[in-house]
Amino acid sequence: MSSLAKLQAATSLDDLAAILGYKPAALAYLVYHLPDAQKYIAFTIPKRDGTQRQILAPTPKLKLLQRRLANVLYLALADIDKAGTPRRQLSHGFAKHLSIVTNAAVHKRRRYVLNLDLKDFFPSINFGRVRGIFIKDKRFALDPKVATLIAQIACHDHVLPQGSPCSPVISNIVGHLLDIRLVRFAKAQKCTYSRYADDITFSTNAKAFPADVAAPVSGSKHDWELGAALLKELKKADFEVNPAKTRMQYRGSRQVATGLLVNEKPNVRPEYYRIVRAMCWSLFNSGTYYRMVPAALAGGKPGDTDVQEPATSLAPLQGMLGYIYHVRNQIDTRPAAEKKKEETSTATRKLYVRFLFYRNFVVAPKPLIIPEGKTDSIYLRAAIEKLTAYQPRLGAMDKGKFKPTLKFMNFSAAIHDVLQIGNGAGDLKHFIRKYSDALKHYRHRPLPNPVIVLIDNDDGANDIFSVVKNLGAPHISRTSTDPFYRLAPNLYLIKTPEMGSKGTSCIEDLFEPALRKTVIDGKVFDPNKKHGEAGKYGKARFAEKVVQPQKDKIDFSKFANLLDRIVAVLDDYTANPPPP
């Protein structure tokens with residue numbers, strides 16, 4: 001049964017609890033008995049104009065419930081889309097596969113681009129609207145009791161709070177009526193309409209912009225006011241406009257939609273990219289960078305020139321680079337861009353590569369382990385935790401929680417896509433080959449910690465061995481027993497311990513045979529399982545369903561040799577640091 005069908009069949013708290021994965025008593029407690037003071041944490045964040053935006057962040061228990069509700073609603077919307085006729089998306093915010101880029105793209109190369117902003121978007125959606133939409137909207141038509149429960153889970157002080165995981169999806173469901181009204185209105189006016197959260201855009205190539213949508217303010221060259229017909233449509237949908245944010249942009253001047261240029265194609269503003277690039281070069285050369293802060297946030301007045309402030313974290317710069325890359329990667333339509341990313345790299349991609357390399361390897365805050373894939377990190381972390389008495393240098397308990405002194409490579413989407421590591425030995429071969437040359441790009445090169453590549457000592461290592469032999473380790477082989485191989489100023493390679501006469505091993509061989517024979521849902525473990533292969537399960541499931549739940553019972557003694565090799569690297573790096 002689909003998620004939508006389950007919701008439509010539900011008639012009670014018990015039914016909704018089952019859909020959300022809760023016991024009825026637990027759901028009832030969170031909805032009816034959890035004190036309001038324990039539901040949300042209120043705080044403010046500054047806006048560019050110096051005013052404050054209030055955020056209500058749900059506490060962990062409520063946040064989990066709201067996230068589960070959001071997931072169910074997203075799945076229900078997917079069911080609705082599958083059942084209906086495919087059509088152009090109108091709301092691009094908080095929707096899968098949609099973004100500020102897709103929103104901006106529908107307004108490119110237009111004579112006029114009009115932006116307007118909905119006032120108090122989330123707070124304007126109250127409890128009654130949330131409950132009513134799930135009852136009256138024919139796409140849902142839920143039982144009133146279930147609709148009431150959803151509104152009780154989602155709302156605080158009778159409105160959608162900004163900060164709740166389910167506010168975005170519910171705002172889109174409520175805003176659907178607005179989208180339907182305005183797309184019909186726009187079509188009659190020969191305009192294109194789209195919405196991203198509270199940001200609405202109309203555009204047209206007509207010689208004169210339709211007065212029913214907006215018209216110039218009398219006596220002003222640049223100010224526009226919305227037409228009475230448009231305001232009427234907004235009022236019917238129970239939304240208001242923030243008139244201070246209404247803006248008309250003409251062909252021949254800069255046109256922006258959801259923060260992106262749309263004169264020719266969606267793109268970041270060139271001055272924004274230049275500022276970010278300058279920050280990067282400052283970082284790579286000196287280890288510091290400055291970021292521009294709106295004057296109102298730095299103690300000045302709104303409208304004053306932005307102020308330079310020294311940055312204390314690399315996170316803001318990574319966020320800016322990620323934003324630029326996300327936008328430009330989506331508009332890169334070259335056929336070879338996906339097949340040969342290294343050969344077809346844009347300047348944006350190269351800059352992002354250099355930043356991620358710098359952050360993860362040049363200024364690594366802890367010794368870093370880069371395994372062939374994320375499951376190896378799960379195994380190794382558990383082994384270090386359980387063998388702390390054997391190798392106390394690798395981790396310790398802190399306030400009841402184990403904290404390793406090492407860091408494991410986080411194979412995020414950016415690491416996979418931009419740095420192109422995390423897909424096995426093939427990726428690591430190229431990473432090792434290019435590492436020393438990549439270091440030369442940085443004048444600021446502190447290298448405070450070693451970077452340790454961990455590989456299985458099996459057939460997949462052959463290509464890596466061929467590269468490593470040219471980097472100062474000509475004798476490396478399946479049977480060589482060196483604890484480590486130093487390949488660059490702070491780059492090391494270690495293998496899983498040699499086994500048998502041929503030395504062949506993989507990290508799963510360090511578990512007892514009985515554990516590797518664990519059967520899950522009638523399937524047996526195969527570390528070499530290929531996608532879709534019947535009767536078997538792979539490394540990810542073994543790590544998540546076998547190793548993690550049973551780590552307190554597992555014998556990790558065979559990992560001792562591997563931990564010794566890691567400690568040998570730490571000792572070598574302390575004794576022989578790279579030259580300054």
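1. Start with Tyr379. In this predicted model, Tyr379 has a relative accessible area of 0%. Buried means under 20%, so Tyr379 is buried.

2. Now look at Phe542. Its relative accessibility is also 0%, so Phe542 counts as buried.

3. How do these two rings meet? A pair of aromatic rings is described by the distance of the centres and the angle of the planes. For Tyr379 and Phe542, the centres are 6.0 Å apart and the planes are at 70 degrees. Planes over 60 degrees apart count as edge-to-face, so this pair is edge-to-face.

4. Find the two residues along the chain. Tyr379 is in helix H13, residues 374-386. Phe542 is in helix H18, residues 539-550. The pair therefore ties together parts that are 163 residues apart in sequence.

5. One aromatic cluster is formed by Trp281, Phe284, Phe357, Tyr358, Phe361, Phe431, Tyr435 and Tyr442.

6. Check two arginines against rings. Arg129 lies over the face of Phe239, 4.5 Å from the ring centre. Arg328 lies over the face of Tyr273, at 4.5 Å from that ring centre.

7. Turn to the strands. An open sheet is built from five strands, in the order E16-E13-E17-E19-E18. Its pairing is mixed. Which strands are at the edges? They are E16 (407-408) and E18 (485-488), and each pairs on one side only.

8. E13, residues 368-370, pairs with E16 in the parallel sense, over two bridges. Ile369 has Phe408 in E16 as its bridge partner.

Key. Residues numbered from 1 in each chain as written. Predicted model: local features only at pLDDT ≥ 70, side-chain atom pairs only at ≥ 80, totals over all residues. Heavy atoms only, no water. Pairing = 2+ DSSP bridges. Helix = DSSP H or I, 4+ residues; strand = E, 2+ residues; numbered from the N terminus. Phe/Tyr/Trp six-rings, centres within 6.5 Å; stacked < 30°, edge-to-face > 60°. Buried < 20%, exposed > 50% of the residue type's maximum accessible area, 1.4 Å probe, protein only. Lys NZ or Arg CZ within 6 Å of the ring centre and 35° of its normal.
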